[in-house]
Amino acid sequence: MKTKSRFSGVALAVALLMLLTACGARLNTTVALEEGGAGTRTISFTVANDADTRDRITGGFEAADAAIVKHLPEGLEFSGLTMGEAEVTGNFTLSFTDMDDYKSKVTAILEAGGLDGDPEITFFSADGSFKKGFEFEESFSSSDLLAWVPDALVVEGVIAEDDRSNVIDGEDPSTVTYGGETYTSDYGGSIFIDQTQDQGFDNVYLTIADNDDGSFGAVVVLERFSKPTEPIKKIDDEFLGKFSGMTIDSDTDTSTNNYQRSLSFDAISAEDLVLKLD
């Protein structure tokens with residue numbers, strides 16, 4: 001049976017120390033999201049606790065800890081390390097109040113590691129007529145968010161420059177929780193989860209005729225590349241049925257064989273046109 005004891009001061013130190021091994025820290029990421037975009041990102045890591053790791057540290061655990069504490073980016077919290085006989089574990093946590101706050105904090109942390117500070121984050125959840133499901137995608141990885149760690153160890157003389165690339169070994173597939181559901185990426189690295197069903201139209205065209213009396217005639221064409229199934233046609237009918245005072249038709253474009261639905265209406269003025277198109 002393995003005995004484990006928790007250290008807070010040595011925390012990051014050991015973590016980094018373990019990161020020095022030939023096979024460095026293995027990362028595991030969990031993002032917990034709430035409605036409105038608030039949440040937490042937890043980056044857990046496991047590193048082998050062996051003589052090779054300890055031999056690569058200059059100044060011992062205290063030096064590693066001091067280097068990490070000195071360079072820890074604002075907004076990122078460290079839990080402390082759990083020391084085991086064979087491995088060391090710990091985690092970093094990033095909390096945010098909404099997606100704007102999340103992007104702002106991620107930007108600062110990426111820049112602290114010398115990386116591009118313009119991250120892309122997609123968060124979608126809906127149960128609409130045309131698109132429903134859950135989507136969460138990021139243009140960065142947890143390894144990117146910890147790029148400052150090897151830099152800190154090298155700058156403070158805790159590890160040699162040659163060991164910089166050995167600090168992080170890789171990432172397991174990430175998990176994202178939202179609305180009582182758990183979603184898992186297919187691969188490690190940047191999160192890419194798309195569990196949506198998109199049943200929307202493929203193209204939308206608008207034609208406006210300017211009449212001599214100052215009125216307008218408008219036609220909105222909604223197009224699908226193929227004839228929809230009856231359930232999709234029912235969704236189309238329910239959607240189009242919400243537009244009162246408009247002429248609704250269905251047809252097939254003979255040149256492309258695309259399925260089309262159209263809405264036609266008249267507007268007595270430019271203001272009326274804008275109002276009806278809104």
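Helices are DSSP runs of H or I with at least four residues and strands are runs of E with at least two, both numbered from the N terminus. By this assignment the chain has 8 helices and 16 strands. The model is predicted; local features need pLDDT of at least 70, side-chain atom pairs count only at pLDDT 80 or more, and totals for chains, interfaces and linings use all residues. Residues are numbered from 1 along each chain as its sequence is written, and side-chain values use heavy atoms, with hydrogens and water left out.

Residues are termed buried under 20% relative accessible area, exposed over 50% and partly exposed in between (1.4 Å probe, protein chains only). Of the 278 residues, 41% are buried. With contact defined as heavy atoms within 4.5 Å, 63% of the contacts between residues at least 6 apart in sequence join residues at least 24 apart. The chain exposes about 14700 Å², of which carbon and sulfur atoms supply 48%; accessible areas come from the Shrake-Rupley method with a 1.4 Å probe, and for residues only the protein chains shown count as cover.

A nonpolar core is a set of buried Ala, Val, Leu, Ile, Met, Phe, Trp, Tyr and Cys residues joined through side-chain atoms within 4.5 Å. The largest such core has 41 residues, and those touching the most other members are Leu33, Tyr102, Phe134, Phe136, Leu146, Trp148 and Val176. Another core, of 14 residues, lies apart from it and includes Ala218, Leu222, Ile235 and Leu263.

Rings of Phe, Tyr and Trp (its six-membered ring) pair if their centres lie within 6.5 Å; planes under 30 degrees apart count as stacked, over 60 as edge-to-face and the rest as tilted. The structure holds 11 aromatic pairs. The Phe96 and Tyr102 pair is stacked, because the ring centres are 4.1 Å apart and the planes stand at 25°. Both Phe96 and Tyr102 are buried. Phe123 and Tyr178 form an edge-to-face pair, with centres 5.4 Å apart and planes at 85°. Phe123 lies in strand 7 (residues 121–127) and Tyr178 in strand 10 (residues 175–178), so this pair ties together parts 55 residues apart in sequence. Phe123 is partly exposed at 24% relative accessible area, whereas Tyr178 is buried at 15%. Phe123 and Tyr178 belong to one aromatic cluster with Phe134, Phe136 and Tyr183.

A salt bridge is a side-chain nitrogen of Lys or Arg within 4 Å of a carboxyl oxygen of Asp or Glu. The count comes to 12 salt bridges. One of them joins Asp169 and Arg26 (3.7 Å, N to O). Asp169 lies in strand 9 and Arg26 in strand 2 (residues 25–33), so the pair ties together parts that are 143 residues apart in sequence. Arg26 and Asp169 are linked with Asp172 in a network of salt bridges. Another salt bridge joins Asp163 and Arg56 (2.4 Å, N to O). Asp163 is buried, with a relative accessible area of 10%, while Arg56 is partly exposed at 23%. Within helix 8, Lys276 and Asp272 are 4 residues apart, about one turn of the helix, and their side chains meet in a salt bridge (3.4 Å, N to O).
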